[in-house]
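Hi,

Here is the structure I promised to pass on. Please open it alongside this note and follow along.

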Amino acid sequence: MWRVEDHTADVRLHVEADDWRGLLEESVAAFVGFVCAEGPPEPRLRAMRKIEVRGDDAAETWVQWWRALLRLWTVDGVLPLEAGIEDEATPEHTRAIVRCAKERDVDTAGCADVKAVTRHGAAAGRAEDGRWSGSIVLDV
Amino acid sequence: MSEIALERVDKAEWEIPRTGAMRVPGRVYASADMIEELRGDPCLEQVRNVATLPGIVGYSIGMPDIHWGYGFPIGGVAAFDPEDQGVISPGGVGFDINCGVRLLTVRGVKPKRARQHRGELAAELLRAIPAGAGRGGSLKLKAHELDHVGRGGAAWAVERGFGTEDDLEHCEENGCAEWADPKPVSADARVRGAPQLGTLGSGNHFLEVQTVEEVFDADAAAALDLELGSLTVLIHTGSRGFGHQVCDDFLERMVAASKAYGIELPDQQLCSAPFVSYEGQQYFGAMGAAMNFAFANRQVITHRVREVLANRFGPHAEARVVYDVCHNVAKLETHRIDGKERELVVHRKGATRAFGPGHPLLPDAYRELGQPVFVPGDMGRYSYVLLGGRAAEERAFGSCCHGAGRRLSRNQARKRARGRNIPKELASLGISLQAAGRRTVEEEISEAYKDVAEVVRVVDTAGLARLVARVQPFAVVKG
């Protein structure tokens, strides 16, 4: 599950899942859900992209993951729709295949303009009950 | 977070005393009512955090429109001495490098006629100046052409017919950061920037056609060509994806640089490097290139505005640049500290340069007046024109506020707008709104912002800038 939390000038997304892989999968739903508030696009053709991110800890890898998702949209021109995370993924090193919509299949007029991923209060970690959660602030 | 102590030092000036790792005290410009609202706000903690950075001089400063930013507060000013390990920080500039405002005065069009045609005017402006998420414009530059934009700024646009030499004279830095170096700008930044020159963007960016509704200083207003009832155009935009990517790229590099130079960070977004270091100079050059992209962007938009005015109202319609000011920049400037002139790296994040009368960097036309400063409000109310004051130079590194500051988060604003017809509400006020998307309109409702009148009253009281005129929109373009 994911939700938008209040932040004065920008947007903070909070994501939760049973495990690290689930957290990353759910974060893609959060990304497309936030960008396309009126529902994700239904593309005619899907583009596949690989993402590989590393970090010294879960929080750093989390930031790099979000940066990679945003880069697909702002630089590659494909909107991430869902991710397949490899089984060996760890909070220090994760590889994934991301299924994306091409920009021409996205109604950009209804999209939120996410301009950057910030490190401001970025956090990811496992709670005592074993569930994972992460927060990220997006510059919009 | 414990509440931060604030001591009143003047009618509109408060001090955060130096404690812990702070190298200098904090100073916040605000009214007593504003201070009550700010108590407990994380932005005051951010003023304190900035005061811990190496080489900071004088004070870590918060303007009356201060609010919670990333690392540095928005509405923050800080100056660092390069000769005393002073740093430069991408977080102290912000993502939208050289986000700024440009004011035009319009002649040759009867204000009444312009207001009568406000609907068509707003629609034509939106067609000519693309707005909204990631939207590209009619100029599609090749990646290497961005090097020329990054070096030339507004002059690049003027050389290609988008404006006149006179426009350049009426821009901060004459529309060009001369120290710019596009070489460290990444391929990703070029990809993002290539289609976006001449576009407005989204969020709080806007273009408004306005009338001068109130004049506070008739002589100064006349010198700026702002007669009561006359027409103006206010353009608010920045360096688009180009600048955002430069900031993002360098935040990554500066996190590593901070560790390498042993800079202790209370917040990762304060990551920085000594100004004189390799990383510091690389960022300074790339940031300059992004500044120039923004100057060129506002210059191309100015040209489009002129085209729209001429098409609708005839060839006698003229739009003259009053001035173009930056909001999010770091610049090497000379300031007098304890009686001695020192060259400092002045960071303004959500703040405006506001040099007072006599400053040598002002154009001849404004040297005796002080620098024009434009403080936008919100799309349903008004904006202000001011002139920089000497106190700004003496107490705030020649700076003042940049806007109203948000009161509601974007989420709260959208909830508040639910079920309402915002364009219709604005129409009832005589304002025609054209927007690329409904979402931005909801997020940018008037009540999402503080009343900018309270903000400018504070800088006027503090002597940072003096009020000249109030302008009110009747045609608004949003992203």
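**Cavities and a helix pair**

The cavity search gave four cavities of 30 Å³ or more. Keep in mind that this is a predicted model.

Start with the largest cavity. It holds about 640 Å³ of space. Its lining has 36 residues. Closest to the centre are I74(B), C99(B), N204(B), H236(B) and H402(B). By class, the lining of this cavity counts eleven nonpolar, 14 polar and eleven charged residues.

Next, the second largest cavity. Its space comes to about 160 Å³. Here 19 residues form the lining. Nearest the centre lie C111(A), A112(A) and D113(A), along with S202(B) and T440(B). Which helix gives the most to this lining? Helix 15 of chain B (residues 438-443) does, with three residues. The lining of the second largest cavity splits into seven nonpolar, seven polar and five charged residues.

Now the helices. Two packed helices are described by the angle between their axes and the distance between those axes. In chain B, helix 5 (residues 145-152) packs on helix 11 (residues 278-313) at an angle of about 90 degrees. Their axes are 6 Å apart. Angles of 65 to 115 degrees count as roughly perpendicular, so helix 5 of chain B is roughly perpendicular to helix 11 of chain B.

Which residues make the contact? Helix 5 of chain B brings L146(B), V149(B), G150(B), R151(B) and G152(B). Helix 11 of chain B brings G288(B), A289(B), N292(B), F293(B) and A296(B). The residues of this contact comprise five nonpolar, four polar and one charged.

Best wishes

Conventions:
Residues numbered from 1 in each chain as written. Chains lettered and ligands numbered in written order. Predicted model: local features only at pLDDT ≥ 70, side-chain atom pairs only at ≥ 80, totals over all residues. Heavy atoms only, no water. Axes fitted to C-alpha atoms, helices over the stretch in contact; angles between N-to-C directions. Helix = DSSP H or I, 4+ residues; strand = E, 2+ residues; numbered from the N terminus. Parallel < 35°, antiparallel > 145°, perpendicular 65-115°, else oblique. Contact = heavy atoms within 4.5 Å. Nonpolar A, V, L, I, M, F, W, Y, C, P; charged D, E, K, R; others polar. 1 Å grid on protein atoms, 1.4 Å probe; cavity = no way out; pocket = protein on both sides within 12 Å on 5 of 7 lines; lining within 4 Å. Points joined across faces, edges and corners; volume = space filled by probe spheres on them.
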